Every structure is written in C-alpha cells, then in structure tokens.
Amino acid sequence: MPRERLSVVVTRRLPEAVETRLSELFNVRLREDDAPMTREELTAAVRDADILVPTLNDTIDAGLLARAGDKLKLIANYGAGIDHIDIATARQRGILVSNTPGVLTDDTADMTMALILAVTRRLPEGMAVMQKGDWAGWAPTAFLGGRVGGRRLGILGMGRIGQAVARRAAVFGMQVHYHNRKRVHAAIEEDLQATYWESLDQMVARMDVISINCPSTPSTFHLMNARRLKLMKPSAVIVNTSRGEVIDENALTRMIRAGEIAGAGLDVYEHGTAVNPRLRQLPNVVLLPHMGSATIEGRIEMGEKVIINIKTFADGHRPPDQVVPAML
Ligand code: DGY
C-alpha cells in the first residue's frame, strides 16, 4: 500500500520551480498571496501539518510551539538564519529544525561588498544627482569618496559568509581582520590572510570598515552597542548584511548624524521594517530592503535544500541541515 504523503505547509510564496517540485513530492499547501501568515494562520499551520516550511518572517516561539499538533515533526526553514525559531523548545517537543546554509553565502558576501563600495564611493549621492537631472559635469573635486584598496576591514563573525567576504575584500586590496567567538583554524586564517583580534573593542577601534557577519543570538544582541560604536574611528563605516539586532540602531543613527561615524550600509534593521526614519534622511547611509540573498539562483537552491531536508527526513534519516541547540 502506498505510504500517505506528508502534509507540508509553506508560509510564503516561493520561486515557481520550488513550489512545483514541492507539489510533486508532497501533499503541500502553498501560500496564495505573498503576505506573511498571521499568528492565527501560523497556529493553524502548526496544528495541522506534518512539516512546516517557514521563513524569517514567521515567529516560531514557545507559545506557538505549545499549540503545535502531535503530527508536527519537522520545521524545514527556508533560510539560513534561525533566530526566529525557538530551537530549544522545538527540540523538547520532539520537533526537528533544519535550515538552508551555504547556498546564500556568495550572494550575501557579494552584497556586503556592494554596500562597502556604495558607502565609501558615495553611490547614492551620485545616483541622486543623476536622477534629479542635476549633473553639471565632471569636476576634480566632485563626489570624492575613499579608495577601498588598502583599507582595514574588520569582519565580525568569521563563519561561511564572513570568510566569503574576506576573500572578496582581499581581491579589492583590503586588509582583512576579524573577530569571532572562536578563532578559525590556522589554515583558514592563512588562506584568507586574515588577522585575528581576540578583543572586539581593540579591533573596532582600528578598522576603516566594520562588516557584521555573525548570526543574531542572545550573545550577539547589540554587540555593536553605543559604547562600542564610539570606539570606531570617525572616518570609519559599518555595513550589516546579517541581522539588525547586532547593532544598536538608534545609537548608530545618532552617531552618524553627529559625524562620529562616517557612514553605514545596512540590509537589515533592528525592528524589521520599522527603520529609524532619521537613518533614511542621511546621504552617507545606504539602506537596502534585506536583499542580500535575493538572487533567483540562490532562492532556488534554498528551495532545493528545503526539499532535500524534507525528503531525507521522510525517508527516516536526520535532515542534512538539522540545526541543534549546540550550534547556536
Ligand atoms: C537568511 O536566510 O536568513 C537570510 O537572511 C535571507 O536573506
């Protein structure tokens, strides 16, 4: 007798190719409109599904998990970051969690470089002049930015994405420095020509560019708080393609306005879409709508990872990208 197909609920629209493949393989409920699910919809989803495929927009906390049905056995997150999921509670309830690491590394690192270049070379100011039709022609002193080559880049978080940023930055002639919870293997350090700083304070005080590439966890919350931001050189800039909670956004805004930090390139924000309005008014700040991993190739590969995680689980094995609390 054929086995009953697992019921899978997907909380957001995914690229068409991914939705098609999911439908071929599983008894899947896809999202019709592209708004995030309401709490009620999410509650119904965890109550009814064998497997939930959420995204970073869905808060899967202890309260929601308490209302999950006995059937729910896997949360196959469509995304690498899992700070929106209470992994420990899921585990206590016997629910596995998987994510999609690796496939968005290069795209996110590319976007980090794009932000570094955009801020240091003043791209938004140049674009604004062109869009307004105000360009008066080339001038020796117009739009002078800083050369990225030779600048010191301090990477906060030397995981996959941090290392991919380091590789790119070296090609641009930047000097690579990093701080990480654990020092990376000597061979990786040597390959990346990266200098390790045990003291984040000391690194921050000496860098021209700071790049945030660590995940959001309780211990990285406001790692760049007002005190630490104050250690930055007034000529330095900061970029963040990881999670907004790592930087105290209000303190950063105040300091850029006061000229104590030269600029910022942000793809993520402390309070989601509620971006500090003052940040939006600053010419030396480049703001993007969390699009670091937004390539069609990356998004399809994320879907493929979700499918492999679900299939492996359905075949009675551990999903290859299972997240366990010890990894956090
Ligand atoms: C993730 O997968 O967590 C990324 O932030 C999406 O861009």
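**Exercise 1.** At what angle do helix α5 and helix α7 pack, and how far apart are their axes?

*Solution.* The model is predicted: local features need pLDDT of at least 70, side-chain atom pairs count only at pLDDT 80 or more, and totals for chains, interfaces and linings use all residues. Residues are numbered from 1 along each chain as its sequence is written, and side-chain values use heavy atoms, without hydrogens or water.

Step 1. Take α5 (residues 105-120) and α7 (residues 160-171). Helices are DSSP runs of H or I, at least four residues, numbered from the N terminus.
Step 2. Their axes lie 8 Å apart, at an angle of about 50 degrees. Axes are lines fitted to C-alpha atoms over the stretch in contact, and angles run from 0 to 180 degrees between N-to-C directions.
Step 3. So α5 is oblique to α7. Angles under 35 degrees count as roughly parallel, over 145 as roughly antiparallel, 65 to 115 as roughly perpendicular and the rest as oblique.

**Exercise 2.** Classify the packing of α1 and α13.

*Solution.* Step 1. Helix α1 (residues 16-25) packs on helix α13 (residues 296-314) at about 15 degrees, with axes 9 Å apart.
Step 1. Therefore α1 is roughly parallel to α13.

**Exercise 3.** Find the side chains with polar atoms facing ligand oxygens.

*Solution.* Step 1. List the residues around the ligand (a heavy atom within 4 Å): L56, G79, A80, G81, L104, R243, H290 and S293.
Step 1. Read the distances from a side-chain N or O atom to a ligand oxygen: 2.7 Å for R243 and 3.0 Å for H290.

Key
A polar contact is a pair of N or O atoms within 3.5 Å; within protein, one must be able to donate a hydrogen and the other to accept it, and residues adjacent in sequence count only if both atoms are side-chain atoms. Helices (H or I, at least four residues) and strands (E, at least two) are DSSP runs, numbered from the N terminus.
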